[in-house]
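Please have a look at the sequence and the structure below, and keep both in view while reading the paragraphs that follow.

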Amino acid sequence: MSKIPAYYIPHGGGPCFFMDWNPPDTWDTLGAWLGSYAAALPEKPRAVLFFSAHWEEPEFTLLTTPKPDLYYDYYDFPPHTYDLHWPAPAADLRERVRQLTAGAGLNLAEDSVRDFDHGVFVPGLLAFPQADMPVAQISLKRGLDPREHLALGRALAPLREEGVLFVGSGMSFHNMRAFRYGSNEPIPGADVFDAWLTETVCHSSPAEREERLAHWAQAPEARFAHPREEHLIPLMIIAGSAPGASGSLAWHGRAMGALLSAYELG
């Protein structure tokens, strides 16, 4: 197989694509893109490996639950959003992931009881609605050190040449207090950070991209955009998995006033 592109995606707000919003089209364009990017790949992946903002452990941890269910890790949403179903099969990547992480000197734990959190199943429902794609998930590492997550991406990069689609699931802007509920009036600080992030991912050399991402907190409006960085850190893994490759803007739009971006790394 040819190398599968890797993606950093904004996964929206909770189960936002499956409920009503004001304005009604708040999440429509992002939802449409999330439902189309995987189908547009040059060939069908043999599996998807998710890195979600909603799972942190003391060490990088591979989900090994034989038949993962859904972990509804969101609160105060409409009752029907707790009845979503996505019975995607677990991808058998255990031995290969262990081999690659051990070869890079990275510790890897396993969790055989956890289910897919909404950073996986919400975008998964859109991209793979038939739930026929084998799915694996690896946690973030507590402490959220950018360089450690870049290193994880580098270690796992060979999987992309073996037919595995990497998806870093987060949000390029994630300041819950700054979102404009009921309005799409621009949030200036979000625009400033988005411009820096797109310049970094799409217009920097791969080496410069990694260095800028490692020091992302020094970017303009960085801590306004990410008071806590768990929704940005999946991007570090995706960037690390594409050493020497260029990045491109895969989707760009505004929701609740914030500019949001998705990136493809070849």
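**A sheet, a helix and a buried leucine**

Ala 255 stands opposite Ala 258 in S10. This is a predicted model, in which local features need pLDDT of at least 70 and side-chain atom pairs count only at pLDDT 80 or more, while totals for chains, interfaces and linings use all residues. Residues are numbered from 1 along each chain as its sequence is written, and side-chain values use heavy atoms, with hydrogens and water left out.

Strands of a sheet pair through backbone hydrogen bonds, either parallel or antiparallel. Here S9 and strand S10 (residues 258-265) run antiparallel and are joined by 8 bridges; two strands pair if DSSP finds at least two bridges between them. Helices (H or I, at least four residues) and strands (E, at least two) are DSSP runs, numbered from the N terminus.

The open sheet is formed by 6 strands in the order S6-S2-S8-S1-S10-S9, with mixed pairing. Because strand S6 (135-137) and strand S9 (247-255) stand at the edges with a single partner strand each, one side of each is left without a neighbour in the sheet. From one strand to the next, the twist averages 20°, where axes are lines fitted to C-alpha atoms, for helices over the stretch in contact, and angles run from 0 to 180 degrees between N-to-C directions.

Leu 213 belongs to helix H6 (residues 206-214), and Leu 213 counts as buried because its relative accessibility is 0%; buried means under 20% relative accessible area, exposed over 50%, and partly exposed in between (1.4 Å probe, protein chains only). Leaving aside residues up to four places away in sequence, Leu 213 touches Pro 146, Leu 197, Thr 200, Leu 235, Met 236 and Ala 239, contact meaning heavy atoms within 4.5 Å.
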